[in-house]
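This report describes selected local features of one protein model. The sequence and structure are shown first, and the description follows.

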Amino acid sequence: MPRTLRIAAAQMGSTHYHDPRAQTIARMIKLLDDAAAKGAQVVLFPETAFTTFFPRHLINDQAELDSFFEHGDDVSKQEQTRPLFDHARTLGVDISVGFAEKTSAGETFNTCVYFHAKTGSVLSKYRKIHLPGDVEPFPDPNAISQLEKRYFKPGDLGFHAFRVPDLVEVPEGSERGEPIFGMMICNDRRWAESWRVLGLQGVEVVMCGYNTPGYAPDLYGSTGEGLSPEAARDRAMFQHRLVMQAYSYTNACFSVSAARSGLDDGKYDLIGGSCITGPEGEILAEAKTVEDEVVYAEIDLDKCRAGKERTFDFARHRRIEHYGRITEQTGVVEPPKLG
């Protein structure tokens with residue numbers, strides 16, 4: 001019996017610095033309705049979906065900074081965000097959504113959760129591990145900074161795959177069981193380690209929300225010199241597709257990516273490219289705009305088996321005695337110079 005799943009990415013267009021959260025959540029509910037009308041059982045929303053991507057800004061006022069965070073330990077129960085989760089439960093559609101989290105202990109993380117509609121509960125939580133950028137902004141006030149290291153702690157929950165009930169029929173005694181999901185956020189998708197840790201847990205669907213600049217030359221270092229805005233956007237889109245396709249293939253899994261895209265505040269350019277990718281690395285569905293848009297596909301999870309049992313049969317082919325360097329060091333250690 002095919003293990004068929006109907007899944008969607010809810011791409012979100014521009015969200016501006018002063019947009020009311022209620023306005024943004026109303027957009028998300030509309031996207032959720034659109035996805036449900038297509039038949040989606042699971043919908044992925046982007047990274048920091050409830051607000052603009054505030055880490056591009058230097059914010060010194062603590063109250064202003066706090067306004068961009070969701071406070072407490074269960075985002076699905078917070079007054080300002082609860083309407084989205086209540087609506088998901090009414091529709092019977094699971095959602096994964098990214099947000100800036102400030103815990104009851106005052107710790108701050110770039111977080112996403114998987115919300116299970118049938119039980120009305122958070123089934124899994126992930127906190128972004130690979131934080132890009134800097135603690136301090138660029139000296140040039142016109143440069144686009146990336147200050148995640150200033151505002152967030154590195155994630156402390158690891159990359160844990162999890163099974164999701166109530167999505168596919170699982171006959172008694174079935175070898176496969178419920179679908180296996182994993183989550184990552186934005187920059188995590190560029191790191192092979194993120195995917196392989198999930199792959200080693202048999203992941204079948206990886207979900208990744210993101211905010212990726214289209215034209216932000218200061219973030220690229222010397223590699224961005226001389227790039228036109230159009231060339232920069234094309235390269236950012238190429239790199240996004242590259243990692244989603246390559247790592248879906250090398251871990252024999254499906255992936256879903258949801259962008260925050262468009263032109264925030266008339267000046268901050270974010271790529272679209274939300275897509276659903278198959279275990280052979282093929283793009284099954286992709287956004288056509290940089291506006292609010294639902295990207296939908298019906299997937300057969302058993303299509304993961306060929307890769308997991310042949311080319312990427314980890315148990316037969318991995319040689320971990322040669323991989324020690326991956327966990328023994330972080331930065332580059334070059335071989336000695338000759339002569």
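Where is the place of Cys186? Cys186 is found in the loop between strand E8 (180-185) and helix H5 (192-199). The model is a predicted one, and every value below is computed from it.

**Positive phi values**

In Cys186, a residue other than glycine, phi is positive, near 45°. Cys186 counts as buried because its relative accessible area is 7%, and buried means under 20%. Thr48, likewise not a glycine, has a positive phi near 40°. Thr48 belongs to the loop between strand E2 (42-44) and helix H2 (62-66). With a relative accessibility of 2%, Thr48 is therefore classed as buried. The two residues are set out in the table.

| Residue | Phi | Relative accessible area |
|---|---|---|
| Thr48 | Thr48: near 40° | Thr48: 2% |
| Cys186 | Cys186: near 45° | Cys186: 7% |

**Helix packing**

The angle between the axes and the distance between them describe two packed helices. Helix H1 (residues 21-38) packs with helix H3 (residues 82-91) at an angle of about 15°, and their axes are 10 Å apart. H1 is therefore roughly parallel to H3, since angles under 35 degrees fall in that class. The crossing in which H1 passes H3 is right-handed.

Ile326 counts as exposed because its relative accessibility is 52%, and exposed means over 50%.

How values were computed: Residues numbered from 1 in each chain as written. Predicted model: local features only at pLDDT ≥ 70, side-chain atom pairs only at ≥ 80, totals over all residues. Heavy atoms only, no water. Buried < 20%, exposed > 50% of the residue type's maximum accessible area, 1.4 Å probe, protein only. Axes fitted to C-alpha atoms, helices over the stretch in contact; angles between N-to-C directions. Helix = DSSP H or I, 4+ residues; strand = E, 2+ residues; numbered from the N terminus. Parallel < 35°, antiparallel > 145°, perpendicular 65-115°, else oblique. Left-handed = near helix turned anticlockwise from the far one by under 90°.
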